[in-house]
Amino acid sequence: MIGCIWGTVVGVLPGLGPLAGLTLLLPLTYQLEPTGAIVMLAGIFYGAMYGGSTTSILVRIPGEAASIMTAIDGHELARKGRAGPALVVAGIGSFVGGTISVVGLMLFAPPLAQLMLQIGPAAEFGLMLLALIVLGFASGGPPLKTFAMVLAGLLIATVGVDLITAHPRFTFGSLYFINGISFVAMALGLFGVSEILINLEDIARAKVIKPTLRSLVPRAQDLRDSTPAIARGTVIGFVFGFIPGISHVISTFVSYAVERKLSRQPETFGTGRIEAVAGPETANNATTGSAMIPLLVLGIPAIPATAILLSALQIHGVQPGPQMLTEHPQVFWGLIASMYIGNIVLLLLNLPLVGLFVNLLRIPYFYLAPSILLVSMIGIYSVNSNAVDIVIMAVSGLAGYLLRKAKFDPAPLLLAVVLGDRLEVSLRRALTISDGDWWILVQGAMSKIFLGAVVLLGALQTAAWLLGFRRRT
Amino acid sequence: MRTSLRRLELGVGVALLNLGVFAAWEAVRMPQGTPALPGPGMLPLGLGVLMAVCALVLIVVRTSAEEPVKLGNREVVCALLAVLAAGMLWERAGFLITATLFLSALLWILSPLGWWRSIIAAAAAAAVARYLFQNLLNVVLPPLPFLY
């Protein structure tokens with residue numbers, strides 16, 4: 001319940017997405033047992049997905065990137081006095097998409113985990129490479145910039161004691177760097193602090209449209225129009241959730257495009273169509289279940305927000321991966337059960353309390369920003385009780401701000417930091433097993449599949465970029 | 001401050017080049033191991049070299065069009081400096097003093113409150129935050145220095 005409420009709040013507040021919400025509350029879960037902690041954090045994750053739609057519809061300010069498409073027609077509906085139906089349809093779509101994707105998670109995760117138990121270090125190296133390249137493919141920026149971010153992330157991941165020989169690397173004699181650079185401090189700086197800095201450049205107050213409780217009831221026609229869009233959004237969101245990167249954002253764009261394509265009046269999109277709210281909102285929430293599959297089964301976070309969940313699990317002594325289902329079944333199934341309950345809680349919570357959440361937008365940003373920064377500092381300090389983490393957060397905030405201004409996506413950097421250790425350990429173990437023979441990396445069937453996909457995707461991405469670059473110049 | 005996207009890209013490229021060269025330079029001094037038993041320096045060395053090459057390509061090619069970029073203002077610089085200063089003061093001055101100074105500075109700069117109202121609001125907010133996090137959520141925060 002706390003996770004869902006906090007998630008909705010961070011989803012509603014512009015500039016605070018699921019990632020910032022998770023990092024802010026992560027340290028406070030240390031007192032809880034692992035299942036409770038991960039359930040609460042997962043609640044924040046999908047709560048933020050729900051909450052983002054409220055501000056998109058009522059103020060045309062997407063609380064987070066995945067709600068951009070909802071803002072277009074959702075706010076037009078609100079301007080026509082139909083904010084209530086738009087909010088209800090978004091809520092129902094989110095509920096349906098979220099619940100069905102949990103069923104998918106339940107069905108797909110166990111067999112995939114069984115399959116993954118059979119892979120060795122060489123195939124694991126291929127899998128890590130594939131995850132990084134798919135991430136680059138999905139991030140949408142020029143491959144060169146994404147590649148630079150991945151390399152920077154992998155380099156940062158090497159800071160600290162070498163996991164195989166215990167040799168210190170880039171520690172400069174400081175005890176602080178022995179365990180590497182705090183991932184949570186970096187994540188909070190790169191995404192949370194940089195977002196606040198960007199918002200501080202333009203502190204403007206938006207006009208809030210406040211719906212009454214009576215106006216929430218949608219017409220029968222609204223429900224008829226939105227039902228097929230919800231069904232399509234569920235499928236699109238679930239499928240896109242598997243793709244590492246910004247799948248929850250891409251799925252909303254694809255859903256909007258599909259609805260427009262299938263519509264008999266595509267020209268009316270953008271003027272307030274209920275399908276244009278139902279589809280993207282459903283897709284957005286349907287990704288939450290499938291984005292958990294790579295995290296829980298492979299230990300690969302599909303999006304930055306699930307990287308925080310990975311970090312939380314590791315802090316609580318649970319290593320996500322194929323063994324998680326056998327070693328920590330209570331965490332896995334507890335999480336799934338909580339996702340069912342969480343979706344119901346969010347539906348019951350969001351609609352009657354929409355007025356209350358919207359009032360949060362009335363708090364001026366010049367009060368909100370210092371409060372968020374202070375809570376971030378408290379949160380980050382409580383992880384290791386070390387004030388250096390606050391300095392790391394500030395430096396990462398500056399780095400994130402500059403990178404985003406220069407149109408570098410910091411998400412690949414963060415995910416490379418998470419995957420860096422596993423990439424290196426699997427490569428070195430594979431080379432040790434093969435007595436230094438690099439061909440081991442392409443010998444197994446799984447290795448061939450993973451590396452083949454790496455080569456194919458890399459070639460496609462580079463070709464697409466070169467073609468676009470040539471056209472521009 | 002106003003700059004251009006290309007200039008900003010060049011700056012990031014130079015920073016990444018420095019990072020790559022520095023990482024490779026440091027990694028050379030680490031044990032490299034053998035092909036059968038790779039040492040801790042192998043990956044950082046490879047990554048450092050790749051990073052330097054990638055940064056050089058970024059500097060030469062520069063992927064974006066020429067467009068103006070607004071880079072920071074008084075509020076952004078102050079917020080960033082305030083977080084940095086708070087990080088340095090956090091354990092030396094204790095939570096209450098650091099949080100009061102941090103919030104006072106930001107409220108004074110960002111909000112229409114005057115300096116004395118900012119200080120009062122900041123002190124109250126810091127006390128509430130301390131009670132909430134330390135007493136209710138069991139987060140250990142640094143005490144006031146004279147209470148050591």
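How many residues does the contact take from chain B, and how many from chain A? In this predicted model, chain B puts in 59 residues and chain A puts in 51 residues. On the side of chain B that touches chain A, the elements giving two or more residues are α1 (5-28), α2 (42-61), β2 (68-70), α3 (74-93), α4 (95-110) and α5 (115-136) of chain B.

Now let's step inside chain A and look at a couple of helix pairs. Start with helix α8 (residues 183-200) of chain A and helix α18 (residues 410-433) of chain A: their axes come within 11 Å and cross at roughly 175 degrees. Angles over 145 degrees count as roughly antiparallel, so α8(A) is roughly antiparallel to α18(A). If you want to find the contact on screen, pick out A:Phe183, A:Met186, A:Ala187, A:Leu190 and A:Phe191 on the α8(A) side, which meet A:Pro410, A:Leu414, A:Val417 and A:Val418 of α18(A). By class, that contact has nine nonpolar residues, with no polar and no charged ones.

The other pair is helix α11 (residues 275-298) of chain A with helix α12 (residues 304-315) of chain A, where the axes sit 10 Å apart and the packing angle is about 40 degrees. That angle makes α11(A) and α12(A) oblique to each other, and the crossing of α11(A) past α12(A) is right-handed. Here A:Ala291, A:Met292 and A:Leu295 from α11(A) meet A:Thr306, A:Leu309 and A:Leu310 from α12(A). The contact of α11(A) with α12(A) counts five nonpolar residues, one polar and no charged.

Finally, some backbone geometry. Take A:Ala166, which isn't a glycine yet has a phi near 65 degrees. You'll find A:Ala166 in the loop between β1 (160-161) and β2 (168-169) of chain A. Is A:Ala166 buried or exposed? With 9 other C-beta atoms within 10 Å, A:Ala166 is exposed.

A:Ser385 is another non-glycine with a positive phi, about 50 degrees in this case. Where does A:Ser385 lie? It's in the loop between α16 (365-384) and α17 (388-405) of chain A. A:Ser385 has 12 other C-beta atoms within 10 Å, and since 12 or fewer counts as exposed, A:Ser385 is exposed.

Technical notes:
Residues numbered from 1 in each chain as written. Chains lettered and ligands numbered in written order. Predicted model: local features only at pLDDT ≥ 70, side-chain atom pairs only at ≥ 80, totals over all residues. Contact = placed C-beta atoms within 7 Å. Helix = DSSP H or I, 4+ residues; strand = E, 2+ residues; numbered from the N terminus. Axes fitted to C-alpha atoms, helices over the stretch in contact; angles between N-to-C directions. Parallel < 35°, antiparallel > 145°, perpendicular 65-115°, else oblique. Left-handed = near helix turned anticlockwise from the far one by under 90°. Nonpolar A, V, L, I, M, F, W, Y, C, P; charged D, E, K, R; others polar. Buried ≥ 20, exposed ≤ 12 C-beta atoms within 10 Å, placed from the backbone.
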